[in-house]
Each structure stands twice: as C-alpha cells, then as structure tokens.
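This report describes a protein with a ligand. Please look at the sequence and the structure first, then read on.

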Amino acid sequence: MPRGRPLLLEVLTALGLVLVPFVLPYVGFAPGTVNQILVWGLFGIGFDILFGYTGLLSFGQSAFFGTGGFVAAYLLTNNLMTSVLLALVIGTLGAMLAGVLVGMIALRRTGIYFAMITVAIAETFFFVENSPLSALTGGENGLPGVPTPHFVLGGFSYQVQNGWSMYGFLAACYFIGMVVALRIMRSPVGAVLIAIRDNPLRARAVGHAVGAYKLAAFVIAAAYAGFAGGLLGVLQGFMPPDAFTFATSGQLVMQTAIGGMGTLYGPLLGAVVWLYLRDFLQEVVGLGSTWKLVLGLVFVLLVCFLRRGIIGGLQDLAARLTAKPHPPAPEESAPIAEVAPPLASLGPSPRHAHAQEPGAIVLEARGITKAYGGIVANRDINVSVTAGELRGVIGPNGAGKSTFFKMLTCEVPPTSGRILFEGRDITGYDVSRVCQLGLTKSYQVNQLFPRLTLRHNIMIAALAERRGRFRLDLLRRAERVPGLALQTEQTLALIGLTARADVPVAELAYGEKRRLEIGLALASSPRLLLLDEPLAGMSPRERRETVQLLKNIRRGRTLVVVEHDMDAVFELAERITVLHEGTVLAEGTPAEIQRSSLVQEAYLGGVAAE
Ligand code: ADP
C-alpha cells in the first residue's frame, strides 16, 4: 500500500470506474461483460485479502458466493423483502456466518490441508443447495426473477436497468468495496495479516493471536464473496446454481493469479483478461467451448513468466526503473553505542503497568520434564531467575538448552512440572499470551518477516505490544496507533539500525539480521527476555557489537541467555546454570562455575583451566 499519498488509489479507482463506459465499448467490451467483470472483481477483493495478503489459499470461496447469492435471491424472489440493498446485506451476513463456521474448522490446519478442507466444505454446500434445500434454492434451476434495485429519494425515483444503468450501480458497489479493502490493508489488522503470511510462527511469538486474525481474514473474504454472489443474482435477474460449483472457486483463484496476488486490483484485471478472452475466442474467433484450451495456455504462460501476475510484473518493472539504491550493506554492521539511547515515555501499556521488584523471583521452573518418546530432553529441572539478573545457560550440544527455552516461552508444553512467570502459572499458555504478559525470546535461527523492511518488522512486534493480542481496528491507520512510531524508532536506535530501517530484510547482512532478531523481541517490551545463542555465527567484530548491545539492553530488564561463547557468558552473566544430559549439573556465579570440578569434568575442560 503506498503511504504518504493517502487517497491516491481511491481517486484513481473512482476515475477509472467513471471512464470505463467511455472507453471499453470501443475496444469490444459489451456492458454485460463489464458488469460481470465488476462482480468477479469484487468477489476477488476479499479472496485477495485472504490469499494474496494472508497467504491462505482457499478453493472453497464458491460456498460463500453461493450462500450470499441464494439468501439474497430467496428473500427477493419470495417477496419477503422489497429492498434489494437490504437483501444484499442480509445475504452478506449469511455468508459471514457461514465463513465463521467454515473458518473455525478449516483454519485448524495449514497449507495443503487447509486448501483441501475448503474444497470439501464447498462441495458439501453445493450438494446441500442441490438436494436437501432444492425446494428453497430451486436446485438445478436456480432462482429466477431476482429484481433490479429501485431507489427512491425524496420525490425522485430510479429503477436500475440492465446495461450501463446496472454498471453505475455495480461500479458504486465496487468502489465502496475497494475503499473498505484499502482501509483494512492500511490498518493494524492489515499489517498483522501480511506478517502472518510472511512468518506465522514469529507473528504469534511477538504476541499476535494468529488464529483469530486468520479467522478475521476468512470472514472478510466470505463477506466480499457473499455480497458479490448477491450482485450476480441482481445482474442476471436469476441466481444460478453454478455459483456454488468448484469451477467458480477455481476461476476466482486463476483470475487472481493472472491479475496479480496481493494487489487488491489483481482479481479485477484477471477477470478482464478471462472474460475478454472468453468473448473474443468464442464469438469473434468462433472457437466455441475449446476457448478454455487457449485460456489454459495463457494461464500457464503467465504463471511461468509473471509469477506475481500482470500487476505484480508491472510493479516489479516500475520498481526496477525507479529504484533508488538502498544504503549499501556495510562490510560490518554499524557500531552499537556504548550507552543505550535514552527511552522516552511511550504512554500507557499493559506491560509497563507494574515494574519488577528488585530481587523478586520473576521466573520459576518447578520440576519440568520434557520427553519425546523415549528421549528425555529435560528431566526435573528446577531453576529460578530473579528480577534484574542476567542468567547464562550453558551446556554441550544436546544438553537440552533449546528444549528448556521452548518450554519457558510455552512453545512446547512440559511433560510434567510447572512454569511460573511473576508468580502466575503459565504452563500450557499460548505463546502469544505469554508474550503479552512480558516474556519472549529471540531465536537461535532467525525468525524474521523476510519480505518486509526492517522498520516494518519492528512495527509488527510493537503493534502487538500497543494493541494486545487481538483487536479488530479495521478502519484505523496503522501509523496512528499511539506510541507505535516512537517505540519502533527507539527499538531501531537501540539495535543501531536506524540508518538501514527502510531496507528489505532479504538485503540485510547476516549480523544485521541477528540484531533485528533481538530487536523483534525487544520491540515487544519484554520484562523477561530469553536469548537463544545471540552470538551464533558472528564475526569477531559483530560479536563485540552484540555483546555491547546485550550490555545496553540488560538495563531495566531480566535476561536469560543460552550461549556457546564462553568468554561472553562469563563476562556478562551474574549467575550461570549448567545443563548436562537434560538435567541441571551446577548453578552459581561465573567464578563458582569455573571452579566446579563437576563442570570441568563434564563440559568446560580446558576453558576452566584458562
Ligand atoms: P541443546 O539445545 O542443548 O543442543 P536440545 O534441547 O536441542 O539440546 O535437545 C536435547 C535432546 O532432545 C537431544 O537429544 C535432541 O535430539 C532431543 N530433542 C529435541 N527436540 C526434539 C524433538 N522435537 N523430537 C525428538 N527429540 C528431540
């Protein structure tokens, strides 16, 4: 979404819709075709939010297209309602309700399994429409006699007719649909949906209720589908049963892929290509039903050569032509200031509400054990961490350090034992909920949002802290979330990457990515931060910088660090816990650990002697 020119797309959309009747007839488009394009384009806006932006490929959108269409058509053809607009709204609500129910089932799975469930459920809808409910839906005959809208305002009355009159009505619907979609994608919810597409695991770890956001995207897509389905009946004067077929879902997916996913306008452009080719090949070239063969070829060529569809291809071209070089990736990342930049007040936040009492126990693992089948990765671990402490956790490979961390942040549940954070038993909590309480970690293997810029990455984490796990602020601008910009900039300054803020993550140097990994955790304003091997794979200079960063961020925070770099652990940590074969072998100050003969025997060897 372009920022800085807030209403540009809206104005261009309105202009385009006004110009269409003056242009398209001269290049061979009949008004009926243009109207169908608008219905498909509107149907596709919701699907693009679901697939292009959130990354959820559904082959079952016909279920909602048909539901919205048949509910509206039933109300209108049985004289239960005279207002076409009201019937369309009720149809849309029906589709949304179906979306909630289907989404709650289908979203329990991801990837291909999610797609397969949507196919199966849509087929069920088609069957139900055709058999058990055929008395209501007309079965194979559909519902004829759907009226066109009739508007009365004061003394003025207007009956929408077929042709360009219908175009005016559909264009107004499309415009409203697009304005709403643009607002959604510029809202905090839109930002979170994109983050979920990029890395759902990290979106959850920084505190977003990923499941609830996915369901929201699913229901939004169902709403657009339901509304478009209702319009199909109005446009044709007849609600066709094929609205429910798999071919309808497939056509939507293909049109979106042709036009360009993640663009909102892609489905409309895809529909232009699809329906123009249909008319041209069938009527002008006279191919009859074999036109689909040519269409199939066009689709294959487009997907092979323009992977992001027509709009995506044009965007890539424009980006190449107008590319401003990013600041070059430095040989070594920028130095970290010896003194951390001061933090300005960010305003109210649940996580700043109560400070930790110095010396109070912040985290407590009580007898936690984790068994994977016969392998016991952690056995009866008892560890307490006090406020303000920097605790080092060391141990040879396979000692169980990562498993221990995963249990502390509730990524995996312990087989037995309890975990307490600030006195609250968090065993079995969701990762996002634990993060909201103020406990998060940075990962051993980077978990970033690779297609977003550095600033956008930090903003995703800060949004969870500012707004909580889930909020449907669909029409608010993301940048306007109070405190968000300040928190993002402060985090960027803290990790020393302000100058690189607008660079896409994919272009960052390794050391910068590692710092961003820590920055994502920091932007969640944790009161307890776990760092899993923050120095892994770094050059000597990057290592020095990151050690300085750890010194800076420890002020006012409690840190637990798993690290293989012994020098760094002994320099930074106040206490060290040594894990060995899944159990706590020793715990104490660095000096005590160095002196411990048990540790020397089991692990440190030569390092301790030094
Ligand atoms: P460390 O981080 O100290 O290298 P880990 O916690 O990764 O140790 O692993 C401890 C033990 O648990 C290892 O023997 C490892 O093979 C086993 N383990 C870890 N995760 C799993 C898993 N998901 N399934 C089966 N075994 C696992």
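## A buried glutamate

In this predicted model, the side chains of E10 and R186 make a polar contact at 2.8 Å. E10 belongs to helix α1, which covers residues 8-23.

Is E10 buried or exposed? Its relative accessible area is 8%. The cut-off for a buried residue is under 20% relative accessible area, so E10 counts as buried.

Which residues is E10 in contact with, once its neighbours within four places in sequence are left aside? They are F175, V179, L182 and R186.

## The ligand and its surroundings

The residues around the ligand are Y372, A377, P396, N397, G398, A399, G400, K401, S402 and T403. By type, this shell divides into four nonpolar residues, five polar residues and one charged residue. Helix α15, made of residues 401-408, supplies three residues, the largest share of the shell.

The table gives distances from protein atoms to an oxygen atom of the ligand.

| Residue | Protein atom | Distance to a ligand oxygen atom |
|---|---|---|
| G398 | backbone N or O atom | 2.8 Å |
| S402 | polar backbone atom | 2.9 Å |
| T403 | polar side-chain atom | 2.5 Å |

For G398 and S402 the protein atom is in the backbone, whereas for T403 the protein atom is in the side chain. How much area does the ligand expose when taken alone, and what percentage of that does the protein bury? The ligand alone exposes 550 Å², and the protein buries 60% of that area.

## The protein as a whole

The protein has 610 residues, and 53% of them count as buried. E10, described above, is a buried residue. The secondary structure consists of 24 helices and 14 strands. Helix α1, with E10, and helix α15, with its three residues in the ligand shell, have both been mentioned already.

Taken along the principal axes, the C-alpha atoms fill a box of roughly 90 × 55 × 50 Å. The accessible surface of the protein is about 26200 Å², and carbon and sulfur atoms account for 63% of that surface.

What share of the contacts with a separation of 6 or more comes from residues 24 or more positions apart? That share is 74% in this protein.

Conventions: Residues numbered from 1 in each chain as written. Predicted model: local features only at pLDDT ≥ 70, side-chain atom pairs only at ≥ 80, totals over all residues. Heavy atoms only, no water. Near = heavy atom within 4 Å. Polar contact = N/O pair within 3.5 Å; in protein donor to acceptor, adjacent residues only side chain to side chain. Areas by Shrake-Rupley, 256 points an atom, 1.4 Å probe, with all protein chains shown as cover. Helix = DSSP H or I, 4+ residues; strand = E, 2+ residues; numbered from the N terminus. Nonpolar A, V, L, I, M, F, W, Y, C, P; charged D, E, K, R; others polar. Buried < 20%, exposed > 50% of the residue type's maximum accessible area, 1.4 Å probe, protein only. Contact = heavy atoms within 4.5 Å.
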